Amino acid sequence: MKILMVSWFFPPANTIGAVRMGRMARFLSQQGHDLKVLAAADLPFPKTLPLEIAEEQVVYARWSDVNALPDRLTDAAKAVLRPFLSPGKAPEGGPVTEMANQASASRGASESPGALKRLRSTLGGFYSNAVNLPDARIGWMPHAVRKGRTLLSGWTPDVIYATAPPFTGLLIGYRLSKQFNVPLVTELRDRWVDDPYDPPPGWRLRIDGILERRVIARSSALVTVSEPWAEDYRAKYGKPVTVVYNGYDPEVLKDATSLGSPDKPALRIVYTGGIYPGKRDPAPLFAAMQSLGLGPDRIRIDFYGTNPDHVWPIAKRYDVEALVEVQPPVTHREAVELQQNADILLLMQWNDPREQGNVPGKLFEYMGARRPILLLGLENGVPAAFLREREAGFYGANPEVIAKQLEVWIDMKRKGGIPPLPESSRSGLARDDQYRKLNAFLGEIIPPRGE
């Protein structure tokens, strides 16, 4: 089968999305498919992820930052308005006029910057919703479509596999599918219209709804990352849908038989990645740690690649700064090694019914590492079901209950260590296990050419 994959995230960019798509491309190529990839060039991420297919299989298209213009205009406006918003200060190269001083003084020096900030926020929000459509990566679309047209003028795929986020990739797949009359398969790793994290204004939501329906109407089938989402899409669109988890990478794992962190006697909890303050954040864990009243010689948590501004305010609120470390980003292989050398791995979900079906990709890396998982958040979500069914850790949102579980682990660590999860806990969750499902699904829904 000839397959064109359209993906913004792809190696060498070191992100969880690029890991998924890079390994998927490798697997499909190994199965004998004639695979080519249309990806974004020069992504703003460390270029440390190995490309595991031939370079000539990948076409990188440049992209334009559609948000660069308002930033430049804002800087220019601030330079022009600064003299009028700061009474008594002259602009560079000339005096402040008396009229400007009087106008600024009548408004109040402290009010003007606040008004300017609110105006900027309002205008910025409108610009973002009007121009970042379907998302901030729309500046990739004209370049990618042009590159795709050139590619498809001499090579006709049997299917275009477009993955999101960003949802711009789906529009690119749609355009190429329609122009060259090629079947389209749409992969939704996140929700588009139904995403509850940052809902847009109603007018923008209606536009997103039109775009989503148009793309999926043309799609032969959908791929997503959890069964609750798959059920929703089947009911909503009546299309074939399969679930392909992110999975873990056996080849980057060492022998997972350690008893956790060699840093004794402290219980070492590790988290790799970003957080969403107020939704997916460590507040319940920090509250539990505070209630125990232990020092860093007994318990600590290390964040890797997490924005410090999203960690320290919460740590300060619960007075646990001494128990917390925030480290720089690491490569994918380094992250896997850190996960294997942890006592406990932290996973966070939003404790809200709207989070049902959301499955963080790192869940499967954690399962691969065979270290017990501490899940904060929704107790009836998909990650909690994994932990419950595979006896892979503890889940909850109540700090008192979390504190009791921490005490259990601290005691186990003191008595010799916390054993790894059984091998059976990760059965069937390797990436290639998941991609075999995808390979079979594509074979079922895409007829051979000529039929």
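Entry 1: I began with Pro 134, which lies in the loop between helix 4 (111-131) and helix 5. I had to keep in mind that this is a predicted model. The bond I wanted there was the one joining Leu 133 and Pro 134: this peptide bond is cis, and omega is about 15°.

**Entry 2: another proline.** I then went to Pro 165, placed in the loop between strand 4 (159-164) and helix 6.

**Entry 3: helix 5 against helix 6.** In general, a packed pair of helices is described by the angle between the axes and the distance between them. I noted an angle of about 35° for helix 5 (residues 141-152) and helix 6 (residues 168-180), and their axes are 10 Å apart. The crossing of helix 5 and helix 6 is right-handed. From helix 5, the contact is made by Met 141, Ala 144, Val 145, Gly 148, Arg 149 and Leu 152. Helix 6 brings Thr 168, Leu 171, Ile 172, Arg 175, Leu 176, Gln 179 and Phe 180 to the contact. I sorted the residues of this contact by type and got 8 nonpolar, 3 polar and 2 charged.

**Entry 4: positive phi.** Which residue in the loop between helix 6 and strand 5 (184-188) did I stop at? I stopped at Asn 181, which has its place in that loop. Its phi is near 55°, a positive value in a residue other than glycine. Asn 181 counts as exposed, because its relative accessibility is 60% and the cut-off for exposed is over 50%.

I put Asp 42 beside this note. Phi of Asp 42 is near 50°, again positive in a residue other than glycine. Asp 42 is found in the loop between strand 2 (34-40) and strand 3 (58-61). Is Asp 42 buried or exposed? Asp 42 is exposed, with a relative accessible area of 62%.

**Entry 5: helix 7.** I checked the length of helix 7 (residues 202-218) next. Its 17 residues reach 25 Å from the first C-alpha to the last, close to the 24 Å expected at 1.5 Å a residue. I also listed the buried residues of helix 7: Arg 204, Asp 208, Gly 209, Leu 211, Glu 212, Val 215 and Ile 216. A reminder to myself: an α-helix has 3.6 residues a turn, so residues three or four places apart point the same way. Among the buried residues I had listed are Asp 208, Leu 211 and Val 215.

**Entry 6: Val 382.** Val 382 is found in helix 13 (residues 382-390). Val 382 counts as buried because its relative accessibility is 11%, and buried means under 20%. Which residues does Val 382 touch, not counting those up to four places away in sequence? I wrote down Ser 226, Pro 228, Gln 356, Gly 357 and Val 359. The C-alpha atoms of Val 382 and Glu 355 are separated by 9.3 Å, and these two residues are 27 residues apart along the chain.

**Entry 7: the whole chain.** I finished with totals. The protein chain has 15 helices and 13 strands. Of its 451 residues, 52% count as buried. Among contacts with a separation of 6 or more, 74% are between residues 24 or more positions apart. The accessible surface comes to about 20600 Å², and 53% of this belongs to carbon and sulfur atoms.

Methods
Residues numbered from 1 in each chain as written. Predicted model: local features only at pLDDT ≥ 70, side-chain atom pairs only at ≥ 80, totals over all residues. Heavy atoms only, no water. Helix = DSSP H or I, 4+ residues; strand = E, 2+ residues; numbered from the N terminus. Expected span 1.5 Å × (residues − 1). Buried < 20%, exposed > 50% of the residue type's maximum accessible area, 1.4 Å probe, protein only. Contact = heavy atoms within 4.5 Å. Areas by Shrake-Rupley, 256 points an atom, 1.4 Å probe, with all protein chains shown as cover. Axes fitted to C-alpha atoms, helices over the stretch in contact; angles between N-to-C directions. Left-handed = near helix turned anticlockwise from the far one by under 90°. Nonpolar A, V, L, I, M, F, W, Y, C, P; charged D, E, K, R; others polar.
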